[in-house]
Amino acid sequence: MSDSSWGAPPAAGQAGYWGPTGGGPAQPVPGAVPAGPAYDAPEAQQTRPMPIVPGVPGVPAYGGDQDDDRGAARLMSGPLFRDETLQARELPAEKQNPEPMPDAPQPAPAPQKKSAGRDLSAAIGVGVGLGVVIVASLFIVKAVFVGVVAVAVVVGLWELTSRLQERKGIKAPLVPLALGGAAMVVAGYVRGVEGAWVAMALTALATLVWRMTEPPEGYLKDVTAGVFAAFYVPFLATFVALMLTADDGPWRVLTFLLLTVVSDTGAYAVGWRFGRHKLAPRISPGKTREGLMGAVLFAMVAGALCMQFLIDDGSWWQGLVLGLAVAASATLGDLGESMIKRDLGIKDMGTLLPGHGGIMDRLDSLLPTAPVVWLLMVVFVGSA
């Protein structure tokens, strides 16, 4: 303990720790060990007096038991200064173990391995399995693929309405939504755009009527959520069936699926490796601007290749435009569902697909991308 920590030196005439404050010589203490030459030497004038411990009940300033450690036995039996023990007893725990000095060398933190954030083996396995089912049904029998889309729509509606009821108490009627959603996809494939719109209108009407069988409390929010669900899931999925009606429909659908998957993969890979700047931290903290650039780059390259080699009368420059549009719509769709999940306070819409979440967690970027790809295909190469 440094001498300077105790303040200014004593006034002239003080002989040591227990010397008199006046000018006379110090009186001997009975039974105490006589002070050695060090205390009688002039250098002893530099020794500081014992500090007073303020605010400690029952502890006198000087002359009590706490000062009886002038004997050799007391000096060797405990702390050198009794106030050290008192201060340690009175101070909070965090003060007894102060933080290291800022300039003290700190141990280097152990390097942490960057995590991908999900079970990649399960995600890849499920993705490959779904891809095999989709491609096989797409190129073998078109009607089977339409059935796969209808099943995905029904499961997506079930996940969405279930989460709405669990988290918000909103009871969107599932039965008319599921029946109308499946009919909407089939009508789009059989009757085209007009059939899709008619099926959408009838589904919304059936939702309004179905909800009338229950008490009126919450009617408005329930039917509003139902109409939103009908538009968000089956109506947008109908554009996949519309793409399939063209002569090269399977290749258009394959291009749509490839570009969306490549966009998501590019965003994930580049964002995970190089992502530093958040894209929309309040909506989806994991997405970065670098990831968006990766999505655009990957999708544009894939678009140029697909339009040049897979689509009749397609051109590579059209693929660049298509890839840019897909990257934008897929990212917005992903952010849109992230907004819904944040409002609901959930991480995933379901658990049916290990490594992915639910069906809706895979449809989030596909659904808003389907009408974009369908429209650009019609503009570039026609609808036939």
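Q: In this predicted model, is Phe235 buried or exposed?
A: Burial is read from relative accessible area, and under 20% means buried. Phe235 has a relative accessibility of 4%, so it counts as buried.

Q: How many aromatic pairs does the structure hold?
A: There are 7 aromatic pairs in the structure. In one of them, Trp197 and Phe235 lie 4.6 Å apart, centre to centre, with 50° between the planes, and this pair is tilted. Trp197 belongs to helix H7 (residues 174–211) and Phe235 to helix H8 (residues 219–244), so the DSSP runs place them in separately numbered helices. The two residues are 38 residues apart, and the pair links distant parts of the chain.

Q: Why is the pair of Trp317 and Phe380 edge-to-face?
A: The angle between the planes decides the class, and over 60 degrees counts as edge-to-face. The planes of Trp317 and Phe380 stand at 70°, with ring centres 5.8 Å apart, so the pair is edge-to-face. This pair also links distant parts of the chain: Trp317 is in helix H11 (residues 316–344) and Phe380 is in helix H13 (residues 366–381), 63 residues apart. Trp317 has 43% relative accessibility and counts as partly exposed.

Q: Which residues do ring pairs link into a cluster?
A: The cluster is made up of Trp197, Phe231, Phe235, Phe239 and Trp374.

Q: Which ring does the charged end of Arg273 sit over?
A: A ring can also have a charge over it. The charged end of Arg273 sits over the ring of Phe274, at 5.1 Å from the ring centre.

Q: How many salt bridges does a search of the whole structure find?
A: Side chains of opposite charge can pair when their charged atoms come close. The search finds 7 salt bridges in the whole structure. One of them joins Arg211 and Asp222, whose closest N and O atoms are 2.7 Å apart. Arg211 lies in helix H7 and Asp222 in helix H8, 11 residues apart, and the pair links distant parts of the chain. Both of these residues, Arg211 and Asp222, are buried.

Q: What is the distance between the closest N and O atoms of Arg252 and Asp248?
A: In this salt bridge the closest N and O atoms are 2.9 Å apart. Arg252 and Asp248 are both buried.

Q: Is Lys347 buried or exposed?
A: Lys347 is exposed, with a relative accessible area of 66%. Lys347 forms a salt bridge with Asp348, and the closest N and O atoms are 4.0 Å apart. Asp348, at 30% relative accessibility, counts as partly exposed.

Q: Which residues form a nonpolar patch on the surface?
A: Val198, Leu202, Leu205, Leu208, Val209 and Met212 form the patch, and together they have about 560 Å² of accessible area. Val198 is placed in helix H7.

Q: Which residues is Ser338 in contact with, leaving aside neighbours within four places in sequence?
A: Ser338 is in contact with Ile283, Ser284 and Lys287. Ser338 is in helix H11 and is buried, with a relative accessible area of 9%.

Q: Where does Ala178 lie?
A: Ala178 lies in helix H7, and its relative accessibility of 15% makes it buried. Leaving aside neighbours within four places in sequence, Ala178 is in contact with Val154 and Leu157. The C-alpha atoms of Ala178 and Trp158 are 7.8 Å apart in space, while the two residues are 20 residues apart in sequence.

Notes. Residues numbered from 1 in each chain as written. Predicted model: local features only at pLDDT ≥ 70, side-chain atom pairs only at ≥ 80, totals over all residues. Heavy atoms only, no water. Phe/Tyr/Trp six-rings, centres within 6.5 Å; stacked < 30°, edge-to-face > 60°. Helix = DSSP H or I, 4+ residues; strand = E, 2+ residues; numbered from the N terminus. Buried < 20%, exposed > 50% of the residue type's maximum accessible area, 1.4 Å probe, protein only. Lys NZ or Arg CZ within 6 Å of the ring centre and 35° of its normal. Contact = heavy atoms within 4.5 Å. Patch = residues over 30% accessible without salt bridge, like charges linked within 9 Å, V, L, I, M, F, W, Y side chains within 5 Å. Areas by Shrake-Rupley, 256 points an atom, 1.4 Å probe, with all protein chains shown as cover. Salt bridge = Lys/Arg side-chain N within 4 Å of Asp/Glu carboxyl O.
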